[in-house]
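This briefing covers helix packing, the nonpolar core and a handful of individual residues. Please keep the structure open while reading.

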Amino acid sequence: MGARLRELRNNAGLTARALAAATGQHFTRVSKIEHGVQSLSPQDIRNWSQACGAEDQVPDLIATLRAVESAYLEFRRQSHAGMKRVLGAHTLKRYEQTQVFRIYEHNVIPGLFQTAEYSAAMLSFWIKFLGVPNDLEEAVATRLERQRVLYRGGKRFVVVLEEQALSTWFGTAETQAGQLDRLLALMSLPNVSLGIIPLMTQRTAVGSTGFWLFDETLAALETPTASIEVTRPDEFNMYARMFEVLKASAVYGPRARALITHVIDELATLSA
């Protein structure tokens with residue numbers, strides 16, 4: 001949203017100070033809006049577009065604003081009934097409708113691949129952190145139910161993990177080792193492609209957060225307090241491009257298995 005408004009201002013040949021003067025606001029607010037750290041109203045959009053001579057853009061910009069607002073779903077509002085309701089984009093219906101899942105995670109194992117023990121250890125933290133009703137068993141069951149799609153025909157799962165995710169613990173060393181054993185098993189599925197980006201490797205990009213791509217229609221990511229869903233084609237394509245860049249740094253097959261088994265061996269030493 002901020003990028004589109006900046007483009008309007010630049011096309012009109014206006015500086016941030018000039019636009020601020022024309023719209024009756026401080027120039028620092030203009031900068032905050034353009035960088036996505038300041039919210040704005042439909043009237044702000046009308047004033048901005050008028051100052052830039054782009055009144056014809058108002059309907060589309062306001063529609064975009066509403067889409068942005070609806071895409072940001074507060075976890076606390078969803079979690080009043082417990083963690084099993086904190087789904088964001090991860091609904092069973094969407095999983096059933098999606099044909100190709102592209103998943104990048106930098107410090108956790110994706111929910112689709114989690115064991116019940118790993119999932120329970122991770123969700124226990126969020127239940128306490130968010131102060132929501134303790135429905136741990138139901139929340140884990142909901143997550144495991146979605147994993148059935150792994151075995152449905154016609155679906156593909158292209159997953160890229162940072163090596164850090166293999167060594168980020170939830171629960172005990174035994175829980176983590178069991179989770180990594182499950183990763184090894186899932187790698188043998190013909191519809192699963194699992195790549196791992198080694199810690200010590202030259203790379204062209206770093207993912208700032210994990211994200212999921214559902215077919216060619218939705219990019220979804222989570223912050224500590226919200227689920228964000230991206231559907232605008234141009235923005236979705238940025239996530240798709242980033243996924244391809246990250247995937248290019250990953251290793252597969254025997255090299256990926258070696259990274260996983262190395263961590264399992266380390267866990268066994270720690271547990272001895």
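A residue counts as buried when its relative accessible area is under 20%, as exposed when that area is over 50%, and as partly exposed in between. T64 has 5% relative accessibility, so T64 is buried. The model is predicted.

**T64 and its surroundings**
- T64 sits in helix α5, which spans residues 58-71.
- Beyond residues up to four places away in sequence, T64 touches M1, R4 and R232.

**Helices α8 and α9**
- Two packed helices are described by the angle between their axes and the distance between the axes.
- Helix α8 covers residues 116-130, and helix α9 covers residues 136-146. They pack at an angle of about 130°, with axes 9 Å apart.
- That angle makes α8 oblique to α9.
- The α8 and α9 crossing is right-handed.
- On the α8 side, the contact is made by A116, S119, A120, M122, L123, S124 and I127. On the α9 side, L136, A139, V140, R143 and L144 take part.
- By class, the contact of α8 with α9 holds nine nonpolar, two polar and one charged residues.

**L123 within α8**
- L123 belongs to helix α8.
- Is L123 buried or exposed? Its relative accessibility is 4%, so L123 counts as buried.
- Leaving out residues up to four places away in sequence, L123 touches M83, L136, A139, V140 and R143.
- L123 and G2 are 121 residues apart in sequence. Their C-alpha atoms are 34 Å apart in space.

**Helices α11 and α13**
- Helix α11 runs over residues 173-186, and helix α13 over residues 253-271. Their packing angle is about 160°, with the axes 9 Å apart.
- Angles over 145 degrees count as roughly antiparallel, and α11 and α13 are therefore roughly antiparallel to each other.
- The crossing of α11 past α13 is left-handed.
- From α11, the residues that meet α13 are A173, E174, Q176, A177, L180, D181, L183 and L184. From α13, the partners are R257, I260, T261, V263, I264, L267 and S271.
- The contact of α11 with α13 divides into nine nonpolar, three polar and three charged residues.

**The largest nonpolar core**
- The largest nonpolar core has 40 residues.
- Which of its residues touch the most other members? They are L112, F113, L183 and I260.
- Neighbours within four places in sequence aside, F113 is in contact with Q147, L150, V159, Q179, R182, L183, L186 and V192.

**Two loop residues**
- Where is T15? T15 lies in the loop between α1 (2-11) and α2 (16-23).
- T15 has a relative accessible area of 48%, so T15 is partly exposed.
- T15 and F27 are 12 residues apart in sequence. From C-alpha to C-alpha they are 9.2 Å apart in space.
- D215 lies in the loop between β5 (211-214) and β6 (218-222).
- Phi of D215 is near 50°. This is a positive value in a residue other than glycine.
- With 22% relative accessibility, D215 counts as partly exposed.

How values were computed:
Residues are numbered from 1 along each chain as its sequence is written. This is a predicted model: local features need pLDDT of at least 70, side-chain atom pairs count only at pLDDT 80 or more; totals for chains, interfaces and linings use all residues. Side-chain values use heavy atoms; hydrogens and water are left out. Axes are lines fitted to C-alpha atoms, for helices over the stretch in contact, and angles run from 0 to 180 degrees between N-to-C directions. Helices (H or I, at least four residues) and strands (E, at least two) are DSSP runs, numbered from the N terminus. Angles under 35 degrees count as roughly parallel, over 145 as roughly antiparallel, 65 to 115 as roughly perpendicular and the rest as oblique. A crossing is left-handed if the near helix is turned anticlockwise from the far one by less than a right angle, and right-handed if clockwise. Contact means heavy atoms within 4.5 Å. Ala, Val, Leu, Ile, Met, Phe, Trp, Tyr, Cys and Pro count as nonpolar, Asp, Glu, Lys and Arg as charged, and the others, Gly among them, as polar. A nonpolar core is a set of buried Ala, Val, Leu, Ile, Met, Phe, Trp, Tyr and Cys residues joined through side-chain atoms within 4.5 Å. Buried means under 20% relative accessible area, exposed over 50%, partly exposed in between (1.4 Å probe, protein chains only).
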